[in-house]
Amino acid sequence: MKNEVAKRVIIIGAGITGLTAAVRLVSQGCGVTVVDSSSSVGGLAGSVMVDGIPVDRYYHFICREDNDLVNFVDELGLEDKLTWREAGTSCFVNGKTYPFNTPQDLLKFDPAPFLQRIRFGMHVAISQFRKNWLSLDRIAAKPWLIGKIGRKAYDAIWDPLLRIKFGEFHDQISAAWIWHRIHRVSRSRAGFFGMNSYGFLEKGCHTLMESMLGKLHQFENFSLVLDSKVSRIRIENNNVKGIEIADKDLMEADCVISTCSIPQFLKLAYPLGQYSASLASIDYLNVICVLLEIDRPFSNNFWLNVNDPRIPFNGIVETTNLNPRLDLKGGRLVYIPYYLSRNNPRWSMSDSQLMDESFSALKLIRPDFSESWVMKKYVFRDLNAQAVCKVGFSKKIPDMRTPVNGLFITDSAQYYPEDRTMSASVRLGMRVAGLAGQEVGLES
Ligand SMILES: Cc1cc2nc3c(=O)[nH]c(=O)nc-3n(C[C@H](O)[C@H](O)[C@H](O)COP(=O)(O)OP(=O)(O)OC[C@H]3O[C@@H](n4cnc5c(N)ncnc54)[C@H](O)[C@@H]3O)c2cc1C
């Protein structure tokens, strides 16, 4: 311990952000209690046991630009658990699968006219080196992309990402958000003619969570409370007093950090005037992910972009084509993510309906696919997994510091213009720990 501070911080949420903040605060001598409603840690980066091996509930890959995560992985001594590897991407368009890795692949991508393929390649190259994004915050992704690469290339490549992922919001998404996505992934390319290379942790997010927990449990001033849903953040005279779990007694704290999504946070703290009104104006997407363990590879891609009006998702992620360190005794992992706005009727579909729909779609992509290949199947769901970053979102990024003394929040809306990443979560965890540390009088 660097200095003895008897102050207590409660962190709501044992996901990456909450545990990162806890690691920082606890090692500075602060008393930290992390509370989570779930029976295990991880949140969106949680795991499920498949064949006795922890496997990410949602696919996770790392890009070369994810410096906050990579530096944290080093700090935790996990360098040898992080591997970088080339991984293939393809596009399924007009009933055909096109490799989509190198400039040569792009030249052969005939769903877009030749000149538009060239424009697409140039746009990726320029986005890779662009740094200033504020001017892009003022325009929508769709017209920006169409202007840069042409309508047909847009329809073949970007439209499914925006339309299927963001549904009713698809033409409101900010160009800055999509630019950062192109930027992040293209910076992971090994040279102009190379393929993308991505990073992965040996046992996915479990490797990171286990390491953080191992470090935290070395400190007497740390405690973890699972299976405990925070029902209220107690505030008196504009000062945070602590939290209530299941409407029971007060768990006192000098400082509270909420890392749950903003819609969840808004249910915990009484309305905080204009601050809450501004938070409530942000829209979110829910996520459902079908995870299949199959007895053979579905493809040789890590990522398959899907653009087919008959198919209700825009991609398939075959993690075992990126991470050969998952010792699954021959099983292969296929993730099928569905992003859904609150009003999307698919959210209320049963698991078996979703599974049937996914199987039918897989058969359209690979007609020989058979349900007999499936060894294990899972469906995961999370509410408010991602903020919808519309035009002008830079003005909506919520302040971590709430108007209440000692109360701080983190949320995916604060990653902007970045997409949801573990790296951004680590960055937010460190930042909010800095603010909370100042609040309780830790030396910075
Ligand atoms: C489908 C999908 C794919 C992704 N792919 C990638 C990827 O490839 N690469 C990458 O870098 N990142 C990826 N991410 C993003 C990454 O998972 C997130 O950025 C990160 O996990 C967010 O962590 P967090 O701690 O901020 O939030 P969360 O993980 O949401 O943690 C919040 C925690 O708060 C708890 N909680 C909520 N309400 C309460 C309450 N009332 N009381 C107590 N506890 C509560 C929840 O149980 C949860 O554990 C992906 C995310 C998704 C959903």
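These legends walk through several close-up views of one predicted model.

Residue numbers start at 1 in each chain and follow the written sequence, and side-chain values rest on heavy atoms, with hydrogens and water left out. Because the model is predicted, local features need pLDDT of at least 70 and side-chain atom pairs count only at pLDDT 80 or more, while totals for chains, interfaces and linings use all residues.

**View 1. The whole chain, for orientation.** The chain has twelve helices and 19 strands (DSSP runs numbered from the N terminus: H or I of at least four residues for helices, E of at least two for strands). With a radius of gyration of 22 Å, close to the 22 Å from the globule rule for 444 residues, the chain is as compact as a globular protein of that length (C-alpha atoms for the radius; 2.2 Å times the number of residues to the power 0.38 for the rule). Its C-alpha trace spans about 65 × 50 × 40 Å along the principal axes.

View 2. Thr17 puts a side-chain N or O atom 2.5 Å from a ligand oxygen. For Asp36, a polar side-chain atom sits 2.6 Å from an oxygen atom of the ligand, and the side chain of His60 has an N or O atom 2.6 Å from a ligand oxygen. On its own the ligand has 1,000 Å² of accessible area, and the protein covers 92% of that (Shrake-Rupley method, 1.4 Å probe).

View 3. (On a 1 Å grid over the protein atoms alone, a pocket is an open set of points with protein on both sides within 12 Å along at least five of seven lines; a cavity is a set where a 1.4 Å probe fits but cannot get out; lining residues have an atom within 4 Å of a point. Points join across faces, edges and corners, and volume is the space filled by probe spheres set on them.) Its lining includes Trp133, Trp179, His183, Pro417 and Arg427. Helix α7 (residues 175–186) gives the largest share of that lining, three residues. Six of the lining residues are charged, four nonpolar and two polar.

**View 4. The largest cavity.** The whole structure has three cavities of 30 Å³ or more, and the largest cavity contains about 80 Å³ of space. Strands β4 (53–56), β8 (197–201) and β17 (332–341) each supply at least two lining residues.

View 5. Tyr416 and Pro417 are joined by a cis peptide bond, with omega about 10 degrees. Pro417 is in the loop between β19 (407–409) and α12. Asn94 is not a glycine, yet its phi is positive, about 50 degrees; Asn94 lies in the loop between β6 (89–93) and β7 (96–99).

Definitions and conventions:
Polar contact = N/O pair within 3.5 Å; in protein donor to acceptor, adjacent residues only side chain to side chain. Nonpolar A, V, L, I, M, F, W, Y, C, P; charged D, E, K, R; others polar.
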